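Dear colleague,

Please find the structure below, together with its sequence. My notes on what was found in it follow directly after.

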Amino acid sequence: MITGDSRIRLLVVEDEQSIRRLCMTVGGALGYLCSEAESAEAALALGPATSPDIVIADLRLPNMTGAELLREIKARFPATEVVIMTGHGSIESAVEAMKLGAYDYIQKPFRVEELRMLLRRIEEKIRLVQENSVLRERVETDQQLDGIIGESANIREVLRMIGRLKDSWIPVLICGESGTGKELVARAIHYRGAFARRPFVAVDCGALVSTLMESDLFGYTKGAFTGAVKSKTGLFQAADGGTIFLDEIGELPLEMQAKLLRVLQEKEVRPVGSNENVSLEVRVVAATNRDLEVAFREGTFRKDLFFRLNVVRIDLPPLRERRSDIPMLVQCFLDRHAGGENVKFTPAAMRLLMQYDWPGNVRELENCISRALTLGDRERIDEDDLSPALLGRNGVGKAHFAEVTESEASSTMALEELEKLTIQRVFNKVGGDKAKAGELLGISRATLYRKLKRYQILADLSTAKGLE
């Protein structure tokens, strides 16, 4: 991978010192960060720490051939480009090495200009691959940023903070409920500024297996534990020079919090099984849906780690606190999911969207739009095309939903059963008058009739007013 300062890392593996030094000189003149090894074993030991972009390896090495080393490098660092050096009688072997994944081979003795041109070609390929990756990430991020657009005052403040932090190394803590777009904000901070060409590594702390957390975050060496048949670079090393996003940071156990604190303080990691620390420079963006101040008072989160992370804090507002942004978000999600079709929401359906509290926030809104497009007629979305959750919690009259008892609300009844129960109670209250019931429920007469038929409420109230 390309490191934080964007310089290419070159590793030269050659047992003959004069050739090794020549390759190092050529790489140094090109501005590369160069390291050397006189054996394949020494090269593999350096691998996790150097994360080479290019390896130049002699075909004939003691104890392990260049082809065997090539297999190991490609297994550990698939993106690393390998050049095989060979003598006059080994061209066929070098060609075989290319079939195994080597970028090219160079025949000894070689001219300095020949090696320089070869390295330049490889560098151009690496830069192109990296730029394509960055462009893809930027396009995806720009598309995803639809989830945090808006004109409300609190969302404008979030966007202002993104602009202020995009070029800074300072730690950031993003707080907000699930579905508010915490990872989108983290990616925006990274890809909108000077870090865009550097690594962005997202880590879901809540999904890490407790017994593997340390090795996943900090890496491990070959033989560090049973099953460690080869060394592995940790997620912090993978983010070296860029940003590591620690999502759901509050889910880390206390023991791992202490180790994370040390990494942040010392700016180095020690892979499991290693006696040496690896220096790194990483911007940390953490996120949580928990109140970490309450957590450290309760003893479930380290106070010193909280203050280390909480240098700059961004609070993402829940969707219910920025309802004025809902029409704009709806249009964005229609553009994203409608496949170019001109789909409109009826005023009644939009009213339901505006009234609903959205416990799942922007993510739930997008899922709601996607569902409506799938189940609706693709021309106009009416209230009966929306999720039953909207009808059960808002569209069926907020005040009347409160009439459902706590035992009923906490039961495992389906949303449709809850909707049916609410409609039944409203009808009882108005004596079966459809006009009044529709008005109280906030739905049209036609929609009400369909629901009455679906839930067979007509049969139950056949003698009620207005239903003959």
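Phenylalanine 200 and phenylalanine 245 are both buried, where buried means under 20% relative accessible area, exposed means over 50% and partly exposed lies in between, computed with a 1.4 Å probe on protein chains only. This is a predicted model, in which local features need pLDDT of at least 70 and side-chain atom pairs count only at pLDDT 80 or more, while totals for chains, interfaces and linings use all residues. Residues are numbered from 1 along each chain as its sequence is written, and side-chain values use heavy atoms, with hydrogens and water left out.

On the aromatic side, the count comes to nine pairs, taking rings of Phe, Tyr and Trp (its six-membered ring) as paired if their centres lie within 6.5 Å, and calling planes under 30 degrees apart stacked, over 60 edge-to-face and the rest tilted. Phenylalanine 200 and phenylalanine 245 form a stacked pair, at 6.4 Å centre to centre and with 20° between the planes. This pair links distant parts of the chain, since phenylalanine 200 lies in strand β7 (residues 200–204) and phenylalanine 245 in strand β8 (residues 243–247), 45 residues apart; helices (H or I, at least four residues) and strands (E, at least two) are DSSP runs, numbered from the N terminus. Tyr191, Phe200 and Phe245 form one aromatic cluster. The rings of phenylalanine 306 and phenylalanine 307 have their centres 5.2 Å apart and their planes at 70°, so that pair is edge-to-face. Phenylalanine 306 is buried, at 3% relative accessibility, whereas phenylalanine 307, at 48%, is partly exposed.

Phenylalanine 195 is a ring with charges over it. The charged end of arginine 198 sits over this ring, 5.2 Å from its centre, and arginine 283 lies over the face of phenylalanine 195 at 3.8 Å from the ring centre; the criterion is that NZ of Lys or CZ of Arg is within 6 Å of the ring centre and within 35 degrees of the ring normal.

Turning to salt bridges, the count comes to 25, each being a side-chain nitrogen of Lys or Arg within 4 Å of a carboxyl oxygen of Asp or Glu. Glutamate 113 bridges to arginine 116, with the closest N and O atoms 2.8 Å apart, and both residues lie in helix α5 (residues 112–144), three residues apart, or about one turn of the helix. Glutamate 157 likewise forms a salt bridge with arginine 160, the closest N and O atoms being 2.7 Å apart, and these two lie three residues apart in helix α6 (residues 153–165). Glutamate 157 is partly exposed at 35%, as is arginine 160 at 39%.

Lysine 267 and glutamate 281 form a salt bridge with a closest N and O distance of 3.6 Å. Lysine 267 is in the loop between α10 (254–266) and β9 (268–269), and glutamate 281 in the loop between β10 (278–279) and β11 (283–288), so the pair ties together parts that are 14 residues apart in sequence. Shared partners join the salt bridges of Glu293, Arg297, Arg313 and Asp315 into one network.

Finally, helix α13. In α13, the residues Ile326, Leu329, Val330, Cys332, Phe333 and Leu334 are buried, and what covers the buried residues includes β13 (344–345), α14 (347–355) and α15 (361–375), contact meaning heavy atoms within 4.5 Å. Just after α13, glycine 339 takes a positive phi of about 60°.
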